[in-house]
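I am opening a notebook on a structure that is new to me, and I will write down what I look up in the order in which I look it up.

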Amino acid sequence: MSNNTIKIGTRGSKLALWQANTVKAAISTAFPDLNVEIVIIKTKGDIILDVSLSKIGDKGLFTKEIETALINGDVDLAVHSLKDLPTELPEGLCIGGMLPRGEVRDVFISKDGRKLSEMTANDRIATSSLRRKAQLLAYNSNLNIVDIRGNVDTRLNKMNDGHCEALLMAGAGIIRLGYEGYITELLDPTVVLPAVSQGAVAIEIRDEDERIQRIIDAISDEQTWNTTMAERWLLRTLEGGCQVPVACYSEVAKNQLTLTGLVASIDGKQVIKKTVSCPIDEGSEKAIELAEAILAEGGKEILDQIRTE
């Protein structure tokens, strides 16, 4: 592979391509002499669209095939939504850096402009996430939650075609695709905590590729790195994944990190939520302590029960 060419591996959805093209633009701005190419790779999660995510299993669902191309040298780096990356990566790979984080919160989208507080048991609210389902039912046990799969456009079309009356989705994706007009409301984290690392774009590389690492260092955002790494340590300690009702929210003010973690039962009847604050450079250590406290207060029993179902 030419030293002057860098190949980016990515999924082919509109949102994945937005992420990859944003990384491409950042590299091209910092290193104008480089030729940056995008290579689209289909993943298992892109192919299996008629089964709920929780039933497929989540380890590498949207990343494995791209990581294989990276390991084999077919691409030089991979761009992912960080929340799709398992906390344990394949041997020989690492997260090289991250773009500045986008919108962290979830958004509520309804066909008729009603807010979440106005939904009734007759309204179908669609989501593919057990994390969202659990928190919605904790908020209002009468809500009718239905499953949905597909990219952003597919889900919006399904809603308009009558599959549901409302959607719950990650705000970052909606905003990045220019679909802000669909948003009924941005959900406060006190109502629905976002997924671990939500809104962050990760750049995965081979862990001994010093040349690519130097390039990624020039475009990576330090605050995003510090906060999302703390969140990933919470997730790893909980041994959770994107298909387990684990949530996390970070706030940074004056170099202080406030981290809130949550574990919930799928029916929303049991919710354990705890918060810790610390200097941002102690975030990962405190995130582990936060996760251990959640487990000790009943989180372990909740997660064990979910894994046996």
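I began with one residue and its neighbours, keeping in mind that this is a predicted model. Leaving aside residues up to four places away in sequence, I found that Ile 294 touches Leu 238, Gly 261, Leu 262, Val 263, Ile 272, Lys 274 and Gly 299. I then placed Ile 294 in its element, which is helix α10, covering residues 283-308.

Is Ile 294 buried or exposed? Its relative accessible area is 0%, and because buried means under 20%, I noted Ile 294 as buried.

Next I turned to the backbone. I reminded myself that most residues other than glycine have a negative phi. Against that background I noted Ser 197, which is not a glycine and yet has a positive phi, near 70 degrees. Ser 197 sits in the loop between β9 (185-186) and β10 (201-206), and at 1% relative accessibility Ser 197 counts as buried. I also wrote down Asn 255, again not a glycine, with a positive phi of about 65 degrees; Asn 255 is placed in the loop between β11 (246-253) and β12 (256-264).

From single residues I went on to the whole chain. How many helices and strands does the protein chain have? I recorded 10 helices and 13 strands.

I then checked the overall dimensions. The C-alpha trace spans about 60 × 45 × 40 Å along its principal axes. A compact globule of 309 residues would have a radius of gyration near 19 Å, and the 19 Å of the protein chain agrees with that. Of the 309 residues, 50% count as buried, and among contacts with a separation of 6 or more, residues 24 or more positions apart account for 69%.

The protein chain exposes about 13,900 Å², of which carbon and sulfur atoms supply 46%. I noted 35 positive and 45 negative side chains, with the centres of the two sets lying 5 Å apart.

Key
Residues are numbered from 1 along each chain as its sequence is written. This is a predicted model: local features need pLDDT of at least 70, side-chain atom pairs count only at pLDDT 80 or more; totals for chains, interfaces and linings use all residues. Side-chain values use heavy atoms; hydrogens and water are left out. Helices (H or I, at least four residues) and strands (E, at least two) are DSSP runs, numbered from the N terminus. The radius of gyration is taken over C-alpha atoms; the globule rule is 2.2 Å times the number of residues to the power 0.38. Buried means under 20% relative accessible area, exposed over 50%, partly exposed in between (1.4 Å probe, protein chains only). Contact means heavy atoms within 4.5 Å. Accessible areas come from the Shrake-Rupley method with a 1.4 Å probe; for residues, only the protein chains shown count as cover. Lys and Arg count as positive and Asp and Glu as negative; His and the chain ends are not counted. The place of a charge is taken as NZ of Lys, CZ of Arg, CG of Asp or CD of Glu.
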